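Please open the model in your viewer and keep the selection tool at hand.

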Amino acid sequence: MKISELELILRQSYAFCLSSLKSRYRKTFAGFVWVLLNPVLMFGVQSVVFRKILRIQVPDFYLFLVGGLVPWIFMSQTISMSASTLTSNSGILKAFRLNPAVLVNSSYFDNLFNFLIATLIITGPIIVYSEIGPQWGVILAPFALLPLIVGCYAISSFVAILNVFYRDTSFVLNFFFSLFFFLTPIFYPIDFVPLEYRWFIELNPFYHLINPYRFALYQPISMDLLPLWLKAFAWALGLSVISALYWRKKKNELFISI
Amino acid sequence: MNYSSQSEVILSAKDIYFDYQLSLYQHSGLRDSFINMLRNPWDFLLKKPDALPVLRGISFDLHKGDRLGLLGLNGAGKTTLCRILSGMMTPSTGTITCPGNVEAIFDVATGIMPELTGRENAYLLARLFYQTRDISTEIVEEALEFSELSHFLDAPFKTYSKGMQARLVLSLISSSPSNVLILDEVFDGADLFFREKIAKRMVKKIQDSNAVIFVSHGPEQVLELCNRVLVLKNGVIEFDGPPQEAIQFYIQSGGSRSFGNL
(Lines give C-alpha, C1' and ligand atoms only; values in the text may rest on other atoms or scores of the structure.)
Protein backbone atom coordinates (compact mmCIF):
# COMPACT_ATOMS: atom_id res chain seq x y z
CA MET A 1 0.00 0.00 0.00
CA LYS A 2 1.44 3.37 -1.00
CA ILE A 3 1.23 5.91 1.81
CA SER A 4 1.64 9.64 1.54
CA GLU A 5 4.84 11.43 2.55
CA LEU A 6 2.98 13.19 5.38
CA GLU A 7 1.64 9.92 6.77
CA LEU A 8 5.11 8.40 6.57
CA ILE A 9 6.63 11.36 8.46
CA LEU A 10 3.95 11.10 11.16
CA ARG A 11 4.39 7.32 11.52
CA GLN A 12 8.17 7.61 11.76
CA SER A 13 7.95 10.60 14.14
CA TYR A 14 5.69 8.55 16.42
CA ALA A 15 8.07 5.55 16.41
CA PHE A 16 11.09 7.78 17.00
CA CYS A 17 9.37 9.73 19.77
CA LEU A 18 8.30 6.56 21.61
CA SER A 19 11.87 5.26 21.50
CA SER A 20 13.16 8.63 22.65
CA LEU A 21 10.80 8.65 25.65
CA LYS A 22 11.76 5.07 26.48
CA SER A 23 15.44 5.98 26.24
CA ARG A 24 15.03 9.00 28.51
CA TYR A 25 13.06 7.31 31.25
CA ARG A 26 14.86 3.95 31.12
CA LYS A 27 15.42 2.35 34.52
CA THR A 28 15.39 5.61 36.39
CA PHE A 29 12.88 8.27 37.24
CA ALA A 30 15.60 10.92 37.20
CA GLY A 31 14.59 12.13 33.74
CA PHE A 32 10.94 12.36 34.67
CA VAL A 33 11.66 13.95 38.07
CA TRP A 34 13.79 16.61 36.42
CA VAL A 35 10.96 17.42 34.01
CA LEU A 36 8.83 18.32 37.03
CA LEU A 37 11.56 19.65 39.26
CA ASN A 38 12.77 22.27 36.82
CA PRO A 39 9.49 24.24 36.54
CA VAL A 40 8.71 23.64 40.22
CA LEU A 41 12.04 25.15 41.31
CA MET A 42 11.75 28.03 38.84
CA PHE A 43 8.23 28.70 40.03
CA GLY A 44 9.25 28.48 43.73
CA VAL A 45 12.20 30.84 43.38
CA GLN A 46 10.34 33.38 41.25
CA SER A 47 7.32 33.31 43.56
CA VAL A 48 9.54 34.23 46.50
CA VAL A 49 11.62 36.82 44.62
CA PHE A 50 8.79 38.63 42.86
CA ARG A 51 6.12 38.35 45.51
CA LYS A 52 8.01 38.47 48.81
CA ILE A 53 11.10 40.49 47.93
CA LEU A 54 10.09 42.75 45.04
CA ARG A 55 6.47 42.75 46.28
CA ILE A 56 4.81 42.79 42.87
CA GLN A 57 1.16 43.56 43.50
CA VAL A 58 -0.93 41.36 41.25
CA PRO A 59 -4.11 39.64 42.46
CA ASP A 60 -3.65 35.89 42.87
CA PHE A 61 0.00 36.22 41.88
CA TYR A 62 0.85 32.50 42.04
CA LEU A 63 -1.86 31.59 39.54
CA PHE A 64 -0.84 34.55 37.38
CA LEU A 65 2.81 33.47 37.47
CA VAL A 66 2.21 29.77 36.77
CA GLY A 67 0.00 30.67 33.77
CA GLY A 68 2.93 32.49 32.16
CA LEU A 69 5.98 30.73 33.52
CA VAL A 70 5.20 27.08 32.68
CA PRO A 71 4.49 27.84 28.98
CA TRP A 72 7.57 30.11 28.89
CA ILE A 73 9.77 27.30 30.25
CA PHE A 74 8.25 24.92 27.69
CA MET A 75 8.90 27.30 24.80
CA SER A 76 12.41 28.37 25.82
CA GLN A 77 13.55 24.81 26.60
CA THR A 78 11.95 23.25 23.54
CA ILE A 79 13.31 25.86 21.15
CA SER A 80 16.80 25.71 22.72
CA MET A 81 16.83 21.89 22.56
CA SER A 82 15.53 21.87 19.00
CA ALA A 83 18.52 23.87 17.81
CA SER A 84 20.81 20.85 18.12
CA THR A 85 18.29 18.21 16.99
CA LEU A 86 19.58 17.88 13.42
CA THR A 87 23.28 18.50 14.08
CA SER A 88 23.46 16.00 16.95
CA ASN A 89 21.76 13.35 14.78
CA SER A 90 23.85 14.03 11.68
CA GLY A 91 25.02 10.39 11.65
CA ILE A 92 21.46 9.13 11.23
CA LEU A 93 20.61 11.71 8.58
CA LYS A 94 23.68 10.79 6.54
CA ALA A 95 23.26 7.03 6.99
CA PHE A 96 19.95 6.48 5.21
CA ARG A 97 16.95 8.30 3.81
CA LEU A 98 15.04 9.89 6.66
CA ASN A 99 13.08 13.11 6.40
CA PRO A 100 14.82 15.54 8.83
CA ALA A 101 11.36 16.66 9.98
CA VAL A 102 11.03 13.26 11.74
CA LEU A 103 13.84 14.20 14.14
CA VAL A 104 12.41 17.67 14.78
CA ASN A 105 8.91 16.26 15.33
CA SER A 106 10.15 13.58 17.68
CA SER A 107 12.08 16.04 19.84
CA TYR A 108 9.11 18.40 19.85
CA PHE A 109 6.50 15.78 20.82
CA ASP A 110 8.82 14.54 23.56
CA ASN A 111 8.98 18.06 25.06
CA LEU A 112 5.27 18.62 24.52
CA PHE A 113 4.44 15.44 26.39
CA ASN A 114 6.63 16.56 29.32
CA PHE A 115 5.05 20.00 29.26
CA LEU A 116 1.51 18.63 29.38
CA ILE A 117 2.39 16.34 32.32
CA ALA A 118 4.16 19.20 34.15
CA THR A 119 1.22 21.51 33.48
CA LEU A 120 -1.27 19.05 34.96
CA ILE A 121 0.83 18.29 38.04
CA ILE A 122 2.03 21.83 38.82
CA THR A 123 -0.79 24.01 37.59
CA GLY A 124 -3.64 21.81 38.86
CA PRO A 125 -3.02 22.32 42.61
CA ILE A 126 -2.32 26.06 42.15
CA ILE A 127 -5.67 26.51 40.38
CA VAL A 128 -7.48 24.61 43.13
CA TYR A 129 -5.83 26.54 45.97
CA SER A 130 -5.83 29.97 44.24
CA GLU A 131 -7.61 32.93 45.87
CA ILE A 132 -10.25 33.08 43.13
CA GLY A 133 -10.58 29.29 42.97
CA PRO A 134 -11.08 27.25 39.77
CA GLN A 135 -12.76 29.27 37.01
CA TRP A 136 -14.85 27.82 34.19
CA GLY A 137 -12.31 29.31 31.82
CA VAL A 138 -9.99 26.43 32.71
CA ILE A 139 -11.95 24.12 30.43
CA LEU A 140 -10.85 26.33 27.53
CA ALA A 141 -7.16 25.94 28.43
CA PRO A 142 -6.48 23.13 25.88
CA PHE A 143 -8.08 25.27 23.15
CA ALA A 144 -6.09 28.31 24.35
CA LEU A 145 -2.85 26.29 24.14
CA LEU A 146 -3.28 25.48 20.46
CA PRO A 147 -1.60 28.61 19.01
CA LEU A 148 1.26 28.20 21.46
CA ILE A 149 1.78 24.58 20.36
CA VAL A 150 1.70 25.52 16.66
CA GLY A 151 3.85 28.64 17.07
CA CYS A 152 6.44 26.90 19.23
CA TYR A 153 6.70 24.08 16.68
CA ALA A 154 7.27 26.60 13.90
CA ILE A 155 10.10 28.35 15.80
CA SER A 156 11.62 25.01 16.89
CA SER A 157 11.77 23.65 13.36
CA PHE A 158 13.18 26.97 12.11
CA VAL A 159 16.06 27.05 14.64
CA ALA A 160 16.78 23.33 14.04
CA ILE A 161 17.67 23.95 10.41
CA LEU A 162 19.21 27.37 11.13
CA ASN A 163 21.72 25.68 13.46
CA VAL A 164 22.90 23.44 10.61
CA PHE A 165 24.17 26.52 8.78
CA TYR A 166 24.97 28.75 11.78
CA ARG A 167 26.47 26.56 14.50
CA ASP A 168 26.31 29.24 17.20
CA THR A 169 22.50 29.38 17.08
CA SER A 170 22.21 27.68 20.51
CA PHE A 171 24.54 30.26 22.02
CA VAL A 172 22.59 33.13 20.51
CA LEU A 173 19.29 31.58 21.65
CA ASN A 174 20.43 31.31 25.27
CA PHE A 175 21.36 35.00 25.19
CA PHE A 176 18.09 35.82 23.45
CA PHE A 177 15.93 33.94 25.98
CA SER A 178 17.69 35.46 28.98
CA LEU A 179 16.86 38.91 27.53
CA PHE A 180 13.31 38.08 26.51
CA PHE A 181 12.42 36.60 29.87
CA PHE A 182 12.45 40.17 31.17
CA LEU A 183 11.01 41.72 28.01
CA THR A 184 7.97 39.41 27.94
CA PRO A 185 5.19 39.99 30.48
CA ILE A 186 5.61 36.70 32.36
CA PHE A 187 6.04 37.73 35.99
CA TYR A 188 4.42 41.13 35.50
CA PRO A 189 1.17 42.05 33.72
CA ILE A 190 1.19 44.13 30.54
CA ASP A 191 -0.60 46.90 32.50
CA PHE A 192 2.72 47.56 34.26
CA VAL A 193 4.33 48.52 30.96
CA PRO A 194 4.09 52.27 30.23
CA LEU A 195 1.88 53.01 27.21
CA GLU A 196 4.76 54.40 25.14
CA TYR A 197 6.57 51.02 25.34
CA ARG A 198 3.57 48.77 24.72
CA TRP A 199 4.29 48.63 20.97
CA PHE A 200 7.35 46.57 21.78
CA ILE A 201 5.28 44.01 23.64
CA GLU A 202 2.84 43.90 20.73
CA LEU A 203 5.74 42.85 18.48
CA ASN A 204 6.76 40.04 20.82
CA PRO A 205 5.38 36.69 19.55
CA PHE A 206 6.01 34.95 22.89
CA TYR A 207 3.63 37.31 24.65
CA HIS A 208 0.86 36.65 22.13
CA LEU A 209 1.35 32.88 22.16
CA ILE A 210 1.22 32.65 25.97
CA ASN A 211 -1.55 35.21 26.48
CA PRO A 212 -4.68 33.12 25.64
CA TYR A 213 -3.57 30.27 27.93
CA ARG A 214 -2.93 32.59 30.84
CA PHE A 215 -6.24 34.34 30.19
CA ALA A 216 -8.09 30.99 30.29
CA LEU A 217 -6.53 30.10 33.64
CA TYR A 218 -6.68 33.50 35.26
CA GLN A 219 -9.83 35.21 34.04
CA PRO A 220 -13.48 34.28 34.37
CA ILE A 221 -14.82 32.58 31.25
CA SER A 222 -15.71 35.17 28.60
CA MET A 223 -15.74 35.87 24.89
CA ASP A 224 -12.73 38.18 25.43
CA LEU A 225 -10.58 35.09 24.95
CA LEU A 226 -11.49 34.87 21.26
CA PRO A 227 -9.67 38.01 19.98
CA LEU A 228 -6.58 37.04 21.98
CA TRP A 229 -6.75 33.53 20.53
CA LEU A 230 -7.18 34.81 16.97
CA LYS A 231 -4.23 37.17 17.35
CA ALA A 232 -2.11 34.35 18.78
CA PHE A 233 -3.16 32.01 15.98
CA ALA A 234 -2.30 34.64 13.36
CA TRP A 235 1.21 34.85 14.89
CA ALA A 236 1.46 31.04 14.91
CA LEU A 237 0.45 30.86 11.24
CA GLY A 238 2.88 33.62 10.27
CA LEU A 239 5.73 31.88 12.06
CA SER A 240 4.74 28.58 10.40
CA VAL A 241 4.85 30.13 6.93
CA ILE A 242 8.33 31.64 7.56
CA SER A 243 9.60 28.33 8.94
CA ALA A 244 8.13 26.29 6.06
CA LEU A 245 9.65 28.63 3.45
CA TYR A 246 13.07 28.45 5.11
CA TRP A 247 12.87 24.64 5.26
CA ARG A 248 11.92 24.46 1.63
CA LYS A 249 14.85 26.66 0.65
CA LYS A 250 17.45 24.96 2.83
CA LYS A 251 16.40 21.28 3.03
CA ASN A 252 18.47 20.29 0.01
CA GLU A 253 21.59 22.01 1.32
CA LEU A 254 21.20 20.42 4.74
CA PHE A 255 23.01 17.21 3.76
CA ILE A 256 26.03 19.20 2.58
CA SER A 257 26.46 21.28 5.70
CA ILE A 258 25.50 18.82 8.39
CA MET B 1 30.24 4.92 -24.08
CA ASN B 2 26.77 3.74 -23.14
CA TYR B 3 25.48 0.32 -22.12
CA SER B 4 21.99 -0.84 -21.33
CA SER B 5 19.94 -4.01 -21.21
CA GLN B 6 16.56 -4.51 -22.82
CA SER B 7 14.56 -5.31 -19.66
CA GLU B 8 12.02 -3.11 -17.87
CA VAL B 9 13.25 0.32 -16.70
CA ILE B 10 13.08 0.53 -12.88
CA LEU B 11 14.64 3.98 -12.43
CA SER B 12 15.45 6.69 -14.92
CA ALA B 13 17.78 9.67 -14.38
CA LYS B 14 17.57 12.40 -17.01
CA ASP B 15 20.11 15.20 -17.33
CA ILE B 16 20.94 15.52 -13.63
CA TYR B 17 22.90 18.60 -12.63
CA PHE B 18 23.80 19.44 -9.05
CA ASP B 19 25.72 22.45 -7.72
CA TYR B 20 26.97 23.10 -4.20
CA GLN B 21 27.04 26.64 -2.93
CA LEU B 22 30.62 27.19 -1.80
CA SER B 23 29.42 29.29 1.14
CA LEU B 24 27.94 26.09 2.61
CA TYR B 25 31.42 24.82 3.37
CA GLN B 26 32.11 27.86 5.54
CA HIS B 27 30.45 27.24 8.89
CA SER B 28 30.18 30.87 9.89
CA GLY B 29 27.98 31.61 12.85
CA LEU B 30 25.10 33.99 13.30
CA ARG B 31 27.45 36.36 15.10
CA ASP B 32 29.93 36.37 12.17
CA SER B 33 27.08 36.93 9.73
CA PHE B 34 25.79 39.81 11.81
CA ILE B 35 29.22 41.49 11.82
CA ASN B 36 29.62 40.84 8.06
CA MET B 37 26.22 42.35 7.45
CA LEU B 38 27.22 45.52 9.30
CA ARG B 39 30.56 45.69 7.49
CA ASN B 40 29.32 45.07 3.94
CA PRO B 41 25.52 45.32 3.88
CA TRP B 42 25.32 45.35 0.06
CA ASP B 43 27.54 42.29 -0.35
CA PHE B 44 25.55 40.51 2.35
CA LEU B 45 22.24 41.18 0.67
CA LEU B 46 23.09 41.06 -3.02
CA LYS B 47 26.21 38.94 -3.59
CA LYS B 48 25.41 35.44 -4.82
CA PRO B 49 27.72 32.73 -3.46
CA ASP B 50 29.95 30.88 -5.93
CA ALA B 51 28.67 27.49 -7.03
CA LEU B 52 30.70 24.28 -7.34
CA PRO B 53 29.34 21.90 -9.99
CA VAL B 54 29.26 18.34 -8.63
CA LEU B 55 27.09 16.51 -11.16
CA ARG B 56 26.97 17.64 -14.78
CA GLY B 57 24.36 16.10 -17.03
CA ILE B 58 24.04 12.57 -15.60
CA SER B 59 21.58 10.43 -17.58
CA PHE B 60 21.06 6.68 -17.41
CA ASP B 61 18.33 4.07 -17.06
CA LEU B 62 18.42 1.37 -14.42
CA HIS B 63 16.81 -1.83 -15.69
CA LYS B 64 15.31 -4.76 -13.85
CA GLY B 65 18.15 -7.11 -13.00
CA ASP B 66 20.84 -4.42 -13.13
CA ARG B 67 23.56 -4.72 -10.48
CA LEU B 68 25.10 -1.34 -11.15
CA GLY B 69 28.51 -0.50 -9.73
CA LEU B 70 29.63 3.11 -9.35
CA LEU B 71 33.33 3.81 -9.63
CA GLY B 72 35.09 7.13 -9.28
CA LEU B 73 37.74 8.90 -7.27
CA ASN B 74 36.77 10.73 -4.09
CA GLY B 75 34.85 13.85 -5.08
CA ALA B 76 33.67 12.36 -8.39
CA GLY B 77 30.05 12.74 -7.24
CA LYS B 78 29.17 9.09 -6.39
CA THR B 79 27.59 9.71 -2.99
CA THR B 80 25.83 12.87 -4.14
CA LEU B 81 24.35 10.94 -7.08
CA CYS B 82 23.23 8.13 -4.74
CA ARG B 83 21.64 10.63 -2.35
CA ILE B 84 19.75 12.23 -5.22
CA LEU B 85 18.61 8.84 -6.56
CA SER B 86 17.42 7.82 -3.09
CA GLY B 87 15.33 10.99 -2.73
CA MET B 88 17.40 12.48 0.10
CA MET B 89 18.30 15.45 -2.09
CA THR B 90 16.77 17.00 -5.18
CA PRO B 91 18.91 17.86 -8.21
CA SER B 92 19.50 21.48 -9.25
CA THR B 93 18.00 20.51 -12.63
CA GLY B 94 16.95 17.21 -14.19
CA THR B 95 14.49 14.51 -13.23
CA ILE B 96 14.48 11.14 -11.50
CA THR B 97 11.66 8.77 -12.38
CA CYS B 98 11.10 5.73 -10.19
CA PRO B 99 7.59 4.38 -9.59
CA GLY B 100 8.68 2.08 -6.74
CA ASN B 101 10.62 2.52 -3.50
CA VAL B 102 14.32 3.26 -3.33
CA GLU B 103 16.12 2.07 -0.20
CA ALA B 104 19.63 3.33 0.47
CA ILE B 105 22.26 2.92 3.16
CA PHE B 106 25.38 5.08 3.40
CA ASP B 107 26.77 4.17 6.82
CA VAL B 108 26.29 0.95 8.77
CA ALA B 109 27.91 2.04 12.05
CA THR B 110 25.13 4.35 13.09
CA GLY B 111 23.11 3.85 16.24
CA ILE B 112 19.78 5.57 16.31
CA MET B 113 19.25 5.58 20.07
CA PRO B 114 22.56 4.77 21.81
CA GLU B 115 20.82 4.35 25.20
CA LEU B 116 18.48 1.65 23.89
CA THR B 117 19.51 -1.97 23.33
CA GLY B 118 20.67 -3.37 20.03
CA ARG B 119 17.37 -5.22 19.69
CA GLU B 120 15.31 -2.05 20.26
CA ASN B 121 17.50 -0.16 17.81
CA ALA B 122 16.96 -2.90 15.21
CA TYR B 123 13.15 -2.62 15.48
CA LEU B 124 13.32 1.17 15.22
CA LEU B 125 15.73 1.00 12.28
CA ALA B 126 13.40 -1.46 10.51
CA ARG B 127 10.59 1.09 10.73
CA LEU B 128 12.77 3.99 9.59
CA PHE B 129 14.85 2.26 6.89
CA TYR B 130 12.11 0.27 5.19
CA GLN B 131 9.94 3.41 5.03
CA THR B 132 6.55 2.38 3.68
CA ARG B 133 6.95 -1.38 4.09
CA ASP B 134 5.82 -3.18 7.20
CA ILE B 135 8.64 -5.47 8.24
CA SER B 136 7.40 -8.36 10.35
CA THR B 137 8.77 -9.33 13.76
CA GLU B 138 9.95 -12.65 12.25
CA ILE B 139 12.13 -10.85 9.70
CA VAL B 140 13.74 -8.62 12.36
CA GLU B 141 14.30 -11.57 14.71
CA GLU B 142 15.84 -13.61 11.88
CA ALA B 143 18.20 -10.68 11.14
CA LEU B 144 19.13 -10.44 14.82
CA GLU B 145 19.91 -14.13 14.92
CA PHE B 146 21.98 -13.82 11.77
CA SER B 147 24.05 -11.04 13.38
CA GLU B 148 25.30 -13.58 16.00
CA LEU B 149 25.35 -10.85 18.62
CA SER B 150 23.37 -13.17 20.96
CA HIS B 151 23.33 -11.78 24.52
CA PHE B 152 24.81 -8.44 23.38
CA LEU B 153 21.49 -7.75 21.66
CA ASP B 154 20.01 -6.74 25.01
CA ALA B 155 22.97 -4.50 25.92
CA PRO B 156 22.84 -0.76 25.18
CA PHE B 157 23.85 0.05 21.61
CA LYS B 158 26.36 2.61 22.90
CA THR B 159 28.49 -0.26 24.30
CA TYR B 160 28.92 -1.84 20.84
CA SER B 161 32.16 -1.63 18.89
CA LYS B 162 32.02 -0.26 15.33
CA GLY B 163 32.18 -3.83 14.00
CA MET B 164 29.23 -4.95 16.16
CA GLN B 165 27.19 -1.95 15.07
CA ALA B 166 27.93 -2.78 11.44
CA ARG B 167 26.88 -6.42 12.01
CA LEU B 168 23.52 -5.39 13.38
CA VAL B 169 22.74 -2.86 10.66
CA LEU B 170 24.02 -5.04 7.78
CA SER B 171 22.00 -8.04 9.03
CA LEU B 172 18.88 -5.93 9.12
CA ILE B 173 19.18 -4.19 5.78
CA SER B 174 19.92 -7.51 4.07
CA SER B 175 16.83 -9.17 5.51
CA SER B 176 14.27 -8.24 2.87
CA PRO B 177 14.63 -7.63 -0.90
CA SER B 178 14.10 -4.10 -2.26
CA ASN B 179 12.77 -2.55 -5.43
CA VAL B 180 15.91 -0.44 -5.81
CA LEU B 181 18.69 -0.82 -3.24
CA ILE B 182 21.64 1.58 -2.97
CA LEU B 183 24.69 0.43 -1.00
CA ASP B 184 27.43 3.03 -0.54
CA GLU B 185 30.67 1.44 0.68
CA VAL B 186 28.75 -0.42 3.37
CA PHE B 187 30.97 -3.50 3.75
CA ASP B 188 33.95 -1.47 4.93
CA GLY B 189 32.64 -1.21 8.51
CA ALA B 190 32.23 -4.94 9.23
CA ASP B 191 34.99 -7.12 10.67
CA LEU B 192 36.69 -9.66 8.38
CA PHE B 193 34.88 -12.77 9.67
CA PHE B 194 31.46 -11.20 9.35
CA ARG B 195 32.26 -9.55 6.01
CA GLU B 196 32.42 -12.92 4.28
CA LYS B 197 29.23 -14.13 5.95
CA ILE B 198 27.25 -10.98 5.18
CA ALA B 199 28.58 -10.88 1.60
CA LYS B 200 26.83 -14.22 0.86
CA ARG B 201 23.60 -12.99 2.38
CA MET B 202 23.89 -9.68 0.55
CA VAL B 203 24.38 -11.49 -2.77
CA LYS B 204 21.04 -13.22 -2.17
CA LYS B 205 19.37 -9.94 -1.28
CA ILE B 206 20.87 -8.30 -4.36
CA GLN B 207 19.64 -11.20 -6.55
CA ASP B 208 16.14 -10.93 -5.08
CA SER B 209 15.93 -7.14 -5.47
CA ASN B 210 14.77 -5.58 -8.73
CA ALA B 211 17.91 -3.44 -9.12
CA VAL B 212 20.93 -2.51 -7.04
CA ILE B 213 23.39 0.37 -7.14
CA PHE B 214 26.64 -0.47 -5.45
CA VAL B 215 29.48 1.93 -4.55
CA SER B 216 32.77 0.35 -3.59
CA HIS B 217 36.50 0.90 -3.70
CA GLY B 218 37.10 -2.86 -3.92
CA PRO B 219 37.39 -4.31 -7.48
CA GLU B 220 36.69 -7.85 -6.23
CA GLN B 221 33.32 -6.80 -4.85
CA VAL B 222 32.46 -4.90 -8.04
CA LEU B 223 33.38 -7.94 -10.17
CA GLU B 224 31.48 -10.33 -7.87
CA LEU B 225 28.31 -8.31 -7.36
CA CYS B 226 27.86 -6.13 -10.45
CA ASN B 227 26.85 -6.83 -14.05
CA ARG B 228 27.22 -3.21 -15.17
CA VAL B 229 29.44 -0.34 -14.01
CA LEU B 230 29.36 3.45 -14.40
CA VAL B 231 32.66 5.31 -14.06
CA LEU B 232 32.21 8.87 -12.85
CA LYS B 233 34.79 11.60 -13.21
CA ASN B 234 34.24 15.22 -12.22
CA GLY B 235 30.49 14.74 -12.17
CA VAL B 236 30.23 13.18 -15.65
CA ILE B 237 29.66 9.55 -16.69
CA GLU B 238 32.84 8.58 -18.53
CA PHE B 239 32.07 4.90 -19.01
CA ASP B 240 28.96 2.72 -18.87
CA GLY B 241 29.51 -0.99 -19.52
CA PRO B 242 30.46 -4.45 -18.23
CA PRO B 243 32.49 -4.60 -14.98
CA GLN B 244 35.77 -5.99 -16.37
CA GLU B 245 36.00 -3.32 -19.08
CA ALA B 246 34.90 -0.63 -16.63
CA ILE B 247 37.68 -1.53 -14.21
CA GLN B 248 40.25 -1.47 -17.02
CA PHE B 249 38.94 1.92 -18.16
CA TYR B 250 39.02 3.23 -14.59
CA ILE B 251 42.62 2.10 -14.06
CA GLN B 252 43.75 3.59 -17.36
CA SER B 253 42.05 6.89 -16.55
CA GLY B 254 43.96 7.23 -13.28
CA GLY B 255 41.69 5.48 -10.80
CA SER B 256 44.08 2.68 -9.86
CA ARG B 257 45.15 4.42 -6.63
CA SER B 258 41.84 3.66 -4.98
CA PHE B 259 42.18 -0.05 -5.91
CA GLY B 260 45.61 -0.48 -4.34
CA ASN B 261 47.71 -3.27 -5.88
CA LEU B 262 45.57 -4.65 -8.63
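Contact here means heavy atoms within 4.5 Å. With that rule, select the two sides of the interface: 39 residues of chain B and 34 residues of chain A take part in the contact. This is a predicted model, in which local features need pLDDT of at least 70 and side-chain atom pairs count only at pLDDT 80 or more, whereas totals for chains, interfaces and linings use all residues. Residues are numbered from 1 along each chain as its sequence is written, chains are lettered from A in the order in which they are written, and side-chain values use heavy atoms, with hydrogens and water left out.

Next, colour the elements of chain B that face chain A. Helices (H or I, at least four residues) and strands (E, at least two) are DSSP runs, numbered from the N terminus. Those giving two or more residues to this side are β1 (9-21), α1 (30-39), α3 (78-86), β5 (102-105) and α4 (118-129) of chain B, and the largest share, 6 residues, comes from α4(B).

Now select R31(B) and D168(A), which form a salt bridge (a side-chain nitrogen of Lys or Arg within 4 Å of a carboxyl oxygen of Asp or Glu), their closest N and O atoms being 2.8 Å apart. D168(A) lies in the loop between α7 (141-165) and α8 (169-183) of chain A, while R31(B) is in helix α1 of chain B, so the pair joins two chains.

Finally, select F34(B), I35(B), M37(B), L38(B), W42(B), F44(B), L45(B) and L46(B), which form a nonpolar patch on the surface. Such a patch joins nonpolar side chains (Val, Leu, Ile, Met, Phe, Trp, Tyr) within 5 Å, from residues with over 30% relative accessible area and no salt bridge. Both α1 and α2 (41-46) of chain B supply at least two residues each to the nonpolar patch, and W42(B) is found in helix α2 of chain B.

How values were computed. Patch = residues over 30% accessible without salt bridge, like charges linked within 9 Å, V, L, I, M, F, W, Y side chains within 5 Å. Areas by Shrake-Rupley, 256 points an atom, 1.4 Å probe, with all protein chains shown as cover.
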